[in-house]
Each structure stands twice: as structure tokens, then as C-alpha cells.
Amino acid sequence: MYSRFGHIGHARYVFDSMPERNESSWNNLMSGYVRVGMYGEALDFFREMRDVGSKPSGFAIASLVTACACTTAIDLLEHGMSIHSYIVQKGFGSDEYVQSSLISMYAKCGDIDSSCRIFDAIPNKKNAAWNALIAASAKHGYAEEALKLLINMKRDGIRLDQFGISECLAATAQLAVLEEGQQLHGLAVKLGLDSDPFVANATMDMYGKCGEIEDALRTIGQPIDRSRLSWNILISSFAKHGHFEKAIKTFHEMQELGVKPDQVTFVSLLSACSHGGLVEEGLRYYYSMTKEFNIPPRIAHCVCMIDLLGRSGRLTEAETFIKEMPIPPSDFVWRSLLAACKVHGNPELGRKAAENLIALDPSDDSAYVLYSNVCSTSGRWGDAENVRSQMGSRKVQKQPACSWVKLKNQVSSFGVGDNSHPQSPEIYKKLDELKKRIIEAGYVPDTSYALQDTDEEQKEHNLWNHSERLALAFALINTPEGSTLKVFKNLRVCGDCHSVFKFVSGILGRKIILRDAFRFHHFAGGNCSCSDYW
């Protein structure tokens, strides 16, 4: 009882006071340590339990495996493999909860191959094992595999439950594949699972991340019935879609209804302030987080603050903030500062940020690319060339830009200057047509985004080869008049491409949704939801 209420100290006192202890006593306290997140203590208690000859239950062993997957204070894989060996020796390997916990543990330790081997070796797989591998795949970047697993699970006649459905909804959100997400939502309704909190929140998050903010709002319950997770997803969705004032309003509405914000809430709130240029508001919320709500800042909050100050050009304050951070700066912190140096043309501070970023991870392509761009933007072509030479000598490959459009069941992707698509002649013809029309409407190319040391004409030509423009032209050719276009990009949208999308939306009267690596841009009538601040 004490451990379930989180009072593990009282639970240990009762345990120590017992004149006699049975296996249930040991198992309950060990599970209690895991439940409250004291993973190191759980492992120590397990050793103590073995020393006195008490045998753990399958459930307790499963919870102990969970401890190995969650703690960061120890070498996870080393402890996990030791316990896996114990499981095999003591005959716990056939317990379905132990099996699913092992699948999750190896995946969280970064060894998804071992997770798959354990799964494949199970003769009669129950839904716990399927759900564990689906969750592992979804969380570690194998979203397509997660969806395929659900299909195979259904084919094998295994009962689908709220855990598998919610994890696959998360996978569709990761891939931003709306049609598959809608099908999963329909399946959840058919199975009577759509009102389950896990499924409802995953559905709302899926719609938000697939660009359908209105559908996300339709799936959320009444304010009085919302969990903190629901509020967090709503704030995050508003922030990603450029509705910054709505994100802040939702934060205050949440508090008025007695729901206390947590550290995740503030990440979304600070992100909204950063992307909306609400600097003073962001600073106020950051300090209220620590002083009013007693939430210690984590690295995600600090990254938001660097982004907030950096976007607004307050680079000196951003540098000071890094020096005074209560936790060591991560690669995300330096990358955010470096990106701000590119926007505001500060090569000296950019150099410091790049050096720190490379020191943390010499193979991080973004450090070299961003600093090279800082130098190029400042006209320091020699320095830019030196940075690129360092990339070559260290065998660091730049992540290529890629944009794609999904029509029906077909995904068409484009790289820079791509000629591989069967419709390439029509695509480039459409681009020429668009170029003429938007120039007549007042478009002037911003060649500062062409980061090669060439003449202006060549720079302008290079801009029109950007992947997002090819994807836009393809979408215009293959969609009916008046329909909303959706374009996706793996990197941040180029500033000149952003201008092109605005002009096209105004001239053609088409709504365009562009999702880049960081957020959604909703273009309509020649304007963007980000108000040109992103």
C-alpha cells in the first residue's frame, strides 16, 4: 500500500520491521522501488533478495527488467544482460510479461536486433509481446515496421488493444501519414477503444502532427475531462501550427481548471514563445517555472530559451544564459545558438558554438554545415571552404535535403535538382511558369540563401532547384483545383522558398501546408501562419 502511494521509505520501514518475510514481501518491495523510479535501489534490493535465497516472481522480474531499461545512472545493457542470464537459468523465459519486458529493455538500450530475436523466438506470441515490439519499433525510428507489425498481429488473430493501437498512432504521427492515421482511428472506433485515454491522446497527437489541427480539436474531450497529457498535446499542437496566442491561452485555461503544468507543458509553452517572437513572455514563463511551480530546468527548457533569445537577435544574452545554465550545455544548445548566428550574421560567436558542438560530436554534420553557412552568409567564402574541407577530411557526410508529397498510396520524393521523377519535364515547366507569375506579382529572389560563391544568376538558378519547390510543382500538377496541398521536408525550409510558397498561395488561391523538420507553415492568400518569424 505504501509503495503504491509512492511512500517507499514507509514501505521499507514496514519490511524491515517484519519478523518473518515471505517471497511476496520481497517481490512487493522490489516492484515498489521500480514503481517510484528508484531503479538503482531496485537492482541492489534484487541482489539482497538473491543473497537470502528468496525467489522473485515473474511479475517482479519483469519490473526489474524495466528498471534496467529506464535508469541512466548505470550501464544499462551490462546489468540487463546479467538479469537476462538469470531469467534463463531460473526458467522465467516463458513468462509473457518477462518476455515483453526484455523486448522493451533491449530496445531502450539501443539494441533493437536483440529485441527482434527475442520476439521471433517466442512460439506462441501474446499481445504483450507484440505490443512491446511495436512500441520499441515506434520509439526508435522504425515507424513503418511498427505499422507492419500491427497488420501481422491482426492477421494472426491476436486481439488488438489500446496499447498497440496507441503506439501505431504515434508511428503514423512520426511519419506524418494522415490516411493511415485515419484508418487506425477508424479501427479504434470499431473496437470501442477510441475513448481510452491512451488512444484518445495518441489520436489527437497524430492529427496535430499530420497537419490537421481542426481534427485534433474535434477529438479532444471537454476541458473539465482533460488529463494533463491532453492539455500538453493541445499546447504543443497549437505551437507547431503557429497559433502562439492560443497555446498561451490554453496554458492559462489549464491552470484555471486546476491542472498543474509539468516540465513537458513548459517545453511546449516556451517553444510557442520562441517561434512566435514572444521574448519577454518566454522569459517570464521560464522563471515562473522554477520559482512558482518548482520545476527544475531541464536541457529541453534551456534549448528553448537559447532559441528564444537567438531568434530575436539577443545573442549576447543567449551566450550569457549558456554560461549560467544549471546543467551542462548539450549539442542541442550549441546547435540552436549556431543557427541563430547564421540568421543574424555573427561569425565569431558562430565559431565558438561550432567548436563546442564539434567537441561534443565530431561526426555531427549540422555543426559543419551551419558554420559554413554562417561564413557564406557573411561573405567569408574562404572560411566556408575550409569548413567543407574539414568535413571531407573527417569523412562527415551532409544530410541531403529531401521533400516529398503523398498522394493516395504513393509517396513522391525529391532531392535538390532532382531529375529522376517520371514527371520531371512537367515539373520544371511548371516551375518556370510559377517563376514568371510570382515575379510579375513582385517576388524578388533572396540569393543570400544560395550558399555557393557564384554569380547572382547562378545563385538564383540554384534556388529554383530546391527540393521543396520541386515537390510543390509536382503537387500542383497532380491535385485538383482548390484542394489543399501538403508538402513535407526533412530539413528547415529555406527562407526564399518560404517567400515563393507565400506568393504561390496568393496567386493561385491555394492553401498550402508545409511541414519542415521543426514546424508547420500554413500558407493562404499570400500569408503564412508563422508571420515570417520562424
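Among contacts in the protein chain between residues at least 6 apart in sequence, what percentage join residues at least 24 apart? In this predicted model, the share of such contacts that join residues at least 24 apart is 62%.

**Figure 1. Overall view of the protein chain in the predicted model.** The chain contains 27 helices and 6 strands. Along the principal axes, its C-alpha atoms fill a box of roughly 90 × 55 × 55 Å. The radius of gyration is 26 Å, which agrees with the value near 24 Å that a compact globule of 534 residues would have. Of the 534 residues, 50% are buried.

**Figure 2. Close-up of the contact between helices α20 and α21.** Two packed helices are described by the angle between their axes and the distance between the axes. Helix α20 spans residues 331–344 and helix α21 spans residues 347–360; their axes come within 9 Å and cross at roughly 155°. Because angles over 145 degrees count as roughly antiparallel, α20 is described as roughly antiparallel to α21. The crossing of α20 past α21 is left-handed. On the α20 side, the contact is made by Asp-331, Trp-334, Arg-335, Leu-337, Leu-338 and Cys-341. Helix α21 contributes Leu-349, Gly-350, Ala-353, Ala-354, Asn-356, Leu-357 and Leu-360. By residue class, this contact of α20 with α21 comprises 9 nonpolar, 2 polar and 2 charged residues.

Figure 3. Not counting residues up to four places away in sequence, Leu-309 touches Val-279 and Leu-283, together with Arg-314, Leu-315, Glu-317, Ala-318 and Phe-321. Tyr-142 lies 167 residues from Leu-309 in sequence, and the two C-alpha atoms are 34 Å apart in space.

Figure 4. With 0% relative accessibility, Leu-169 counts as buried. When neighbours within four places in sequence are left aside, the residues in contact with Leu-169 are Gly-181, Leu-184, His-185, Val-199, Ala-202, Thr-203 and Met-206. One of these contacts, Met-206, is 37 residues from Leu-169 along the chain, with 6.2 Å separating the two C-alpha atoms.

Technical notes:
Residues numbered from 1 in each chain as written. Predicted model: local features only at pLDDT ≥ 70, side-chain atom pairs only at ≥ 80, totals over all residues. Heavy atoms only, no water. Axes fitted to C-alpha atoms, helices over the stretch in contact; angles between N-to-C directions. Helix = DSSP H or I, 4+ residues; strand = E, 2+ residues; numbered from the N terminus. Parallel < 35°, antiparallel > 145°, perpendicular 65-115°, else oblique. Left-handed = near helix turned anticlockwise from the far one by under 90°. Contact = heavy atoms within 4.5 Å. Nonpolar A, V, L, I, M, F, W, Y, C, P; charged D, E, K, R; others polar. Rg over C-alpha atoms; globule rule 2.2 N^0.38 Å. Buried < 20%, exposed > 50% of the residue type's maximum accessible area, 1.4 Å probe, protein only.
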